[in-house]
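Visitor: I've got a bit of time and a structure to browse. Could you walk me through it, pocket and side chains included?

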Amino acid sequence: MRDPLPVSFDRNLLLLNEKNSSNRLAGVEKLPPLNALRAFEAAARLSSFKLAGAELHVTPGAVSHQVVNLERYLGTQLFVRHHRRVMPTAAGRSYLREIQKSLQLIAHATDALTARLERRVLRLKAPPTFAARWLVPRLADFHARYPDMSVQVATSHDPVDFATDEVDAAVSYGTSLGRGIAGECLFREVLVPVCTRRFLGTARELTPRELADRVLLHSLRRPDDWPRWFAAAGARDVTLRQTLVFENSSLTYQGALNELGIAIAQVALVRDDLIAGRLVMPCPISLKCDAGYYLSYPRERTQLNKIRLLHDWLAEEVRKASPRARDRG
């Protein structure tokens with residue numbers, strides 16, 4: 001004998017939307033609400049609406065409401081309600097065994113899909129000049145190694161916020177990693193003057209005071225780079241006679257390549273130009289800074305495969321670049 005329903009039940013609900021259903025996938029129209037199934041499965045497994053609510057992050061009343069909807073849909077009682085616990089009926093126990101199999105299949109299919117997506121898409125945030133002059137020229141190597149991974153690069157000077165930014169990892173400019181953040185310093189900032197050999201002319205190199213008489217280029221975002229460099233070079237009192245200011249460092253370096261003057265540059269970001277001879281250092285004095293570029297990501301992502309691949313690849317690229325610059329002097 002069928003267990004009595006604990007609430008009023010209208011069998012006409014079972015006939016809802018059966019008409020004009022020829023365009024639906026076969027069997028899909030017979031599925032009960034999936035939220036109700038999840039609520040029922042948790043409540044039946046835990047014998048408690050309260051514990052089920054805690055697991056699903058909803059109230060016990062919400063679980064009870066979903067279960068009532070499912071009982072109405074099925075036309076049978078699934079639980080015997082007691083004061084502090086609920087017990088599945090015979091029909092509820094049988095139904096639980098069957099739907100657990102299906103829910104597990106859905107979970108496995110979802111895990112498999114998200115694992116494939118996790119492996120294929122890597123979202124990285126980086127400062128614009130770092131991305132344009134250091135990262136992008138090296139991405140072909142990353143793609144050759146991991147052709148099934150799609151890399152999405154977003155650029156911004158704003159600090160990364162992993163709670164709101166839709167990125168997996170970031171390269172940030174600063175002096176340290178934040179709390180709860182893993183990663184490592186890729187390289188420290190080293191400031192050097194750079195220009196083309198032709199702009200330098202017949203001089204083999206310039207003293208800091210001779211350099212101050214030339215056209216000097218710098219970024220609007222980094223107005224203190226030249227004063228700091230001259231101070232480190234022992235020429236704090238020099239007067240900069242001619243300057244050209246650009247919106248960002250990328251334009252500043254391009255100005256040097258186009259022979260507009262001598263740029264103050266982060267050596268790692270012009271290293272390829274120095275190695276290729278497109279730029280030279282008119283004065284051998286460099287300024288080592290405390291700040292640098294850090295790869296960062298939340299600690300809980302440390303074991304993600306794509307994060308480990310990115311971390312190892314970036315560290316290798318840094319190691320590959322550094323000796324070449326030293327060899328070139």
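Visitor: Which residues lie nearest the centre of the second largest pocket?

Guide: First, a word on the source: this is a predicted model, where local features need pLDDT of at least 70, side-chain atom pairs count only at pLDDT 80 or more, and totals for chains, interfaces and linings use all residues. Residues are numbered from 1 along each chain as its sequence is written, and side-chain values use heavy atoms, with hydrogens and water left out. A pocket here is an open set of points on a 1 Å grid over the protein atoms alone, where a 1.4 Å probe fits, with protein on both sides within 12 Å along at least five of seven lines; lining residues have an atom within 4 Å of a point. The second largest pocket has 30 of those, and nearest its centre lie Pro-127, His-157, Ser-172, Tyr-173 and Gly-174.

Visitor: What is the volume of the second largest pocket?

Guide: Grid points are joined across faces, edges and corners, and the volume is the space filled by probe spheres set on the points. For the second largest pocket that gives about 550 Å³.

Visitor: Which strand gives the largest share of that pocket's lining?

Guide: Strands are DSSP runs (E, at least two residues) and helices are too (H or I, at least four), numbered from the N terminus. At least two lining residues each come from β3 (121-126), β5 (169-174) and β10 (287-298). The largest share, 5 residues, belongs to β5.

Visitor: How many of the lining residues are charged?

Guide: Asp, Glu, Lys and Arg count as charged; Ala, Val, Leu, Ile, Met, Phe, Trp, Tyr, Cys and Pro as nonpolar; and the others, Gly among them, as polar. The lining of the second largest pocket splits into 12 nonpolar and 13 polar residues, and the charged ones number 5.

Visitor: Is Glu-71 buried or exposed?

Guide: Buried means under 20% relative accessible area, exposed over 50%, and partly exposed in between (1.4 Å probe, protein chains only). Arg-81, at 30%, is partly exposed. Glu-71 has a relative accessible area of 1%, so the answer is buried.

Visitor: How many residues apart in sequence are the parts tied together by Arg-222 and Glu-189?

Guide: Their side chains meet in a salt bridge at 2.4 Å, N to O. Arg-222 lies in the loop between β7 (215-219) and α9 (225-232) and Glu-189 in strand β6 (residues 181-194), so the parts tied together are separated in sequence by 33 residues.

Visitor: Which residues are in the salt-bridge network with Arg-138?

Guide: This one links several side chains through salt bridges. Joined with Arg-138 are Asp-272, Glu-317 and Lys-320.

Visitor: Where do the buried residues of α10 lie on the helix?

Guide: In α10 (residues 249-257), the buried ones are Ser-249, Thr-252, Tyr-253, Gly-255 and Ala-256. Seen down the axis, they fall within an arc of 150 degrees (taken from the directions from the helix axis to the C-beta atoms), so they line one face of the helix.

Notes. A salt bridge is a side-chain nitrogen of Lys or Arg within 4 Å of a carboxyl oxygen of Asp or Glu.
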